[in-house]
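Thanks for asking me to look at this one with you. Here are my notes, as numbered points.

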Amino acid sequence: MNMIPKPAETTLERAIVLLGTRLPPGVSLAYLLSFVGRRRGDLIGLVTSQPQVAKPSADTANVPDGPAPDAWTPTARTTANLAAMQLAATKAPAEMAAEDLALLSRYSGWGGLSIDKVAPQLAKLPADFPRPETRGLIHEYYTPTLVATEVARAVSGFLAELPRVKGKVLALEPSAGIGRFVNATKQLPDLAWTAVEYSALSSKMLAAMRPDVHVWHGPFERWVREHSPKVAGKLGLVLSNPPYGARGAALTEDSDRSYREKKAYAYFLRRAADLLAPGGLGVFLIPSGFLSGQTEELRSLRENVLRNHHLVTAFRLPTGLFPGASLVTDLVFLQKRPGTLDAVHPDDASILGGGFFKDHPQLILGKEVGAPGDDDDQTAKPRWGYEVQGE
């Protein structure tokens, strides 16, 4: 059962986050957390006994206790990120206590934040601990917690019917980031997760947060090359918010040339979904061009997917889901077919033609402005000013 934190507990948690980035010489974050763990009751009692609480500083006021960390202000996110990184750099995952995991859960990545402003704090980390990458300022916009939570709720309705291996649903997140999907499904039973992540820092933080998850650091193409023979046709669940840009140098690491898609999301969509066992479920957060685009390239992509998978449903999400990007995205639910069809099923003709949301306008979660097009490039401004206004 989820408990709402009391004001004194919230105040103490805020203090831990702030103190974690301002420790005096000779005092480690591990020592601070150990002390708080031993004396937590006394500290909460001390906070509760104060007749007045002084007005919080600007930094403290920017560390909210309500919304998920990805909805916090840049100052609050930066403070929480630094504290979490310091903890992950000084304490092994197996040694993490409940309060450690709580602090780590506040890490939200560096998308939209400044690395330069915190260079002195980053310099204090051990030399072998990964640092934020400059490209992460642009690309580290992970699946919003609210979306991941809703996907987990939806997946729970499918769970009993998903294929299993020795009683477990083998689950894959092929571009895991800091594990929003993995963490959102933590309470669902019988999931055995593999999380693949290219970023050294993100994979390090996820491994610290979730020692129960097999975290694999490297490009998805390399993981496919080394591990797909063992899991092909066995996965019961794939959850993915793949990268949206062009594929990089890892393109050739997957030797199967039939998957040489130019766009990263198209590769992740096809490759990961095709590893599912018959009846397995794949959920992908991808650009709207996949279901609505009219180019020959997008039609061919839909054909490849529909011959191998049944489109269970899809939702068109509001524009602005990811800060700094105006791309419209769809949440697409696919179920693996028993085999590959020779041609797209006649019932899917409208989907193949890009008409899914024309047939199901109620699944557009907002009001459409402009006309949908072939937009599946996060770096380009959407044509025709198309957006979905909603929440």
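1. In which sense do E6 and strand E7 pair, and over how many bridges? E6 and E7 (residues 329–336) pair in the antiparallel sense over seven bridges; strands pair if DSSP finds at least two bridges between them. Thr-313 has Phe-333 of E7 as its bridge partner.

2. A word on the source: this is a predicted model, in which local features need pLDDT of at least 70 and side-chain atom pairs count only at pLDDT 80 or more, while totals for chains, interfaces and linings use all residues. Residues are numbered from 1 along each chain as its sequence is written, and side-chain values use heavy atoms, leaving out hydrogens and water.

3. The open sheet has seven strands in the order E3-E2-E1-E4-E5-E7-E6, with mixed pairing. Strands (E, at least two residues) and helices (H or I, at least four) are DSSP runs, numbered from the N terminus. E3 (214–217) and E6 (309–316) are at the edges with a single partner strand each, so one side of each has no neighbour in the sheet.

4. Helix H10 (residues 200–209) packs on the sheet, touching strand E2 (191–197) and E3; contact means heavy atoms within 4.5 Å. The direction of H10 makes about 165° with that of E3. Angles run from 0 to 180 degrees between N-to-C directions, with axes fitted to C-alpha atoms, for helices over the stretch in contact.

5. Helix H12 (residues 264–273) and helix H14 (residues 296–308) pack at about 15°, with axes 10 Å apart. The contact includes Leu-269 of H12 and Leu-301 of H14.
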